[in-house]
Amino acid sequence: WIRNLLPNGRDYMDCDGSSSFYVVLSSSFDESSSSTPICFILSPGADPVKEVEAMGKKRISLQLGVNYHNVAMGQGQDVVAMAKMDIGHREGHWVMLQNIHLMPKWCRELEKKMDAFIADNSH
């Protein structure tokens, strides 16, 4: 429907269709900033972790536990995630929060924390 009825609908729907995920990710990274997180909305079975880590290693020498933290969200992980976000904010680390949809109420706290980071000139 969008492709056929809206002006430039085909361009909108197919804009990245011929690009690999790595190319789209790299482009998104180039357009992001420390105050603009990159979010993934995934279909079942999709997992961008390896591609994100590969790009990070290539671009900024990303290393798990050194300048990159990966938290699989679930019961009790909100505290861990906030601690990693604080480290990321202070030291310019990357933080990946997986399965954030499991904690919708906590997302409000995360949003407030990220807004505070922006106000504090986050890395």
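Among contacts in the chain between residues at least 6 apart in sequence, how many join residues at least 24 apart? The share is 61%. Keep in mind that this is a predicted model.

**Stop 1: the whole chain**

Show the chain as a cartoon. Count six helices and two strands. Trace the chain along its sequence and the pattern reads α-α-α-α-β-α-β-α. Now show just the C-alpha atoms. Along the principal axes, they fill a box of roughly 45 × 35 × 30 Å. Colour by accessibility next. Of the 123 residues in the chain, 23% are buried.

**Stop 2: α3 against α4**

Select residues 21–31 for helix α3 and residues 49–60 for helix α4. Two packed helices are described by the angle between their axes and the distance between the axes. Here the angle is about 55°, and the axes lie 10 Å apart.

From α3, pick F21, Y22, L25, S26, F29 and D30. Facing them from α4 are E51, V52, M55, K58 and R59. Colour this contact by class: six residues are nonpolar, one is polar and four are charged.

**Stop 3**

S32 counts as partly exposed, at 22% relative accessibility. Its side chain reaches back to F29, where the backbone oxygen is 2.8 Å away. For a sense of scale, draw a line from the C-alpha atom of S32 to that of P7. The two residues are 25 apart along the chain, and these atoms are separated by 27 Å.

Is C39 buried or exposed? With a relative accessible area of 64%, C39 is exposed. Draw another line, from C39 to V24. They are 15 residues apart along the chain, with C-alpha atoms separated by 13 Å.

**Stop 4: the loop between α4 and β1**

Select S61, in the loop between α4 and β1. Check the backbone angles. Most residues other than glycine have a negative phi. S61 is not a glycine, yet its phi is positive, at about 55°. S61 counts as exposed, at 54% relative accessibility.

Now select N67, which is also in the loop between α4 and β1. β1 itself covers 68–72. Is N67 buried or exposed? Its relative accessible area is 17%, so N67 is buried. The cut-off for buried is under 20%. Which residues is N67 in contact with, leaving aside its neighbours within four places in sequence? They are I60, S61, L62, H93 and W94. The N67 side chain reaches the backbone nitrogen of Q63 at 2.6 Å.

**Stop 5: α5 against α6**

Select residues 77–91 for helix α5 and residues 106–119 for helix α6. The angle between them is about 15°, with the axes 11 Å apart. An angle under 35 degrees counts as roughly parallel. α5 and α6 are therefore roughly parallel to each other. The crossing of α5 and α6 is right-handed.

Show the side chains again. In α5, pick D78, A81, M82, M85, D86 and H89. They meet W106, E109, L110, K113, M114 and F117 in α6. By class, the residues of this contact divide into seven nonpolar, one polar and four charged.

**Stop 6: the loop between β2 and α6**

Finish at N99. Find N99 in the loop between β2 (94–98) and α6. N99 counts as partly exposed, at 38% relative accessibility.

Notes. Residues numbered from 1 in each chain as written. Predicted model: local features only at pLDDT ≥ 70, side-chain atom pairs only at ≥ 80, totals over all residues. Heavy atoms only, no water. Axes fitted to C-alpha atoms, helices over the stretch in contact; angles between N-to-C directions. Helix = DSSP H or I, 4+ residues; strand = E, 2+ residues; numbered from the N terminus. Contact = heavy atoms within 4.5 Å. Nonpolar A, V, L, I, M, F, W, Y, C, P; charged D, E, K, R; others polar. Buried < 20%, exposed > 50% of the residue type's maximum accessible area, 1.4 Å probe, protein only. Polar contact = N/O pair within 3.5 Å; in protein donor to acceptor, adjacent residues only side chain to side chain. Parallel < 35°, antiparallel > 145°, perpendicular 65-115°, else oblique. Left-handed = near helix turned anticlockwise from the far one by under 90°.
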